[in-house]
Amino acid sequence: TSLLNMSLQIKVTIDVLQRFLTRIDRLKDDPRAILIRHHYVFALLWNTRYREAVAMQQGTLPMADRLGDSRSKAYALASEILVSTIAAPKPLNEFETLKQEAIKATSDSNDAYIQNWTRFVVAWEEFHHGRIMNARDSARELMQVGRALDDPRSTGLGLSLLASIALVSDSYLDALEYSEQSIAVAVTPLDRETAVNIKGCALLLLRRTEDGLELLCKFRARCFADGDLLSLITSDGIIGVSEVIRGNIRYGIRMLEEAISKREKEGYQAAADWYRLFLSEVYLQIVGRSEKLPLPALLRNLPILLVVMVTASSRIRALLMRVLENPRYDPAGHFVGRSQMILGLLYKAKKKRALAVQHLTEAKRIESEFGPTPMLARIDAALAALG
């Protein structure tokens, strides 16, 4: 199961385990069962079978508690955090407790895989809360621990985390560079494909559309073939944005709306909210008339442009209200900061200066904590324009 998962053979992992699950269950409280369940939960999550993953995990952590050894606890806690990240979010205080327990159990084990993976899932959960500095620190700690263990896998995983952080901060060149570095040092297909996904998305957002689509087309075909459906989620949203940039505005908006609905039905609320932020930005660009379309594209898109110009304000506010209502987001975290920025830019476009300054100032307060980024520069430029 370990080999299959690191090779991203998700369908095969699930098929094998479903054949042998009855025999595995007969092991009762056995460290081998913990390891197998850990990888089964991973495969179910990556196949977007979230309810089954949650059900399998519910029996795994109690078993590890009964066994009491550090390695079993570390594997079970890493799965617990990953399930929380994707399918069953926990409040920040519960995550903090889990994180400390997981790092402690991992540190007491000499298992290199779980040393790396625990720190990866901790960073990924921090990212989902919008706690960018914590996620960045966890990614760097992952690479440091890997060097101490002489395990090169940690470097590729850490770089892919830094690439994801750069991507959401609008630092697309940094995301491209980190992803390429990650690909160069990747040890397993899982490490490499994670970075390839981010590289393709960065290329699209840098408007290197042909290169990005070529890379993502191959990547997505591999995902469908192997049952690696979770890995499609990032590019689902970015491709929708790319279609809008290419002038296929109605199609791009529809792709984002359908992606939101799909993630909601599956149960991955964080991904649905990411798409809401993407869609809000699309509406903002239209209402702010940020880009001049060539005449043929303007005429082709005129009906949808007229509709959006009339309804954009209410649509953006409704989308961002859903994002801001998500209890898992840290109020001082990135996703709240981006929502505040979009609201500020909307009110700026609508000539509502006081509201624009209020929201942009709040966005700056939050995003300044994460260091200089193109997103922060955008906020500063808007505030300067407002005097």
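This passage walks through the overall build of the chain and then turns to one residue, His 39. The structure is a predicted model, so local features need pLDDT of at least 70, side-chain atom pairs count only at pLDDT 80 or more, and totals for chains, interfaces and linings use all residues. Residues are numbered from 1 along each chain as its sequence is written, and side-chain values use heavy atoms, with hydrogens and water left out.

The chain has 19 helices and 0 strands (DSSP runs, with helices being H or I of at least four residues and strands being E of at least two, numbered from the N terminus). Its radius of gyration, taken over C-alpha atoms, is 22 Å, close to the 21 Å from the globule rule for 387 residues, so the chain is as compact as a globular protein of that length. That rule is 2.2 Å times the number of residues to the power 0.38. Along the principal axes, the C-alpha atoms fill a box of roughly 65 × 40 × 35 Å.

As for burial, 56% of the 387 residues count as buried (under 20% relative accessible area, with a 1.4 Å probe and protein chains only). Among contacts (heavy atoms within 4.5 Å) with a separation of 6 or more, 64% come from residues 24 or more positions apart.

His 39 sits in helix 3, which covers residues 31-46. His 39 counts as buried because its relative accessibility is 4%. Leaving aside residues up to four places away in sequence, His 39 touches Thr 1, Ser 2, Asn 5, Thr 13, Tyr 75 and Tyr 113. The C-alpha atoms of His 39 and Leu 4 are separated by 9.0 Å, with the two residues 35 apart along the chain.

Technical notes: Buried means under 20% relative accessible area, exposed over 50%, partly exposed in between (1.4 Å probe, protein chains only).
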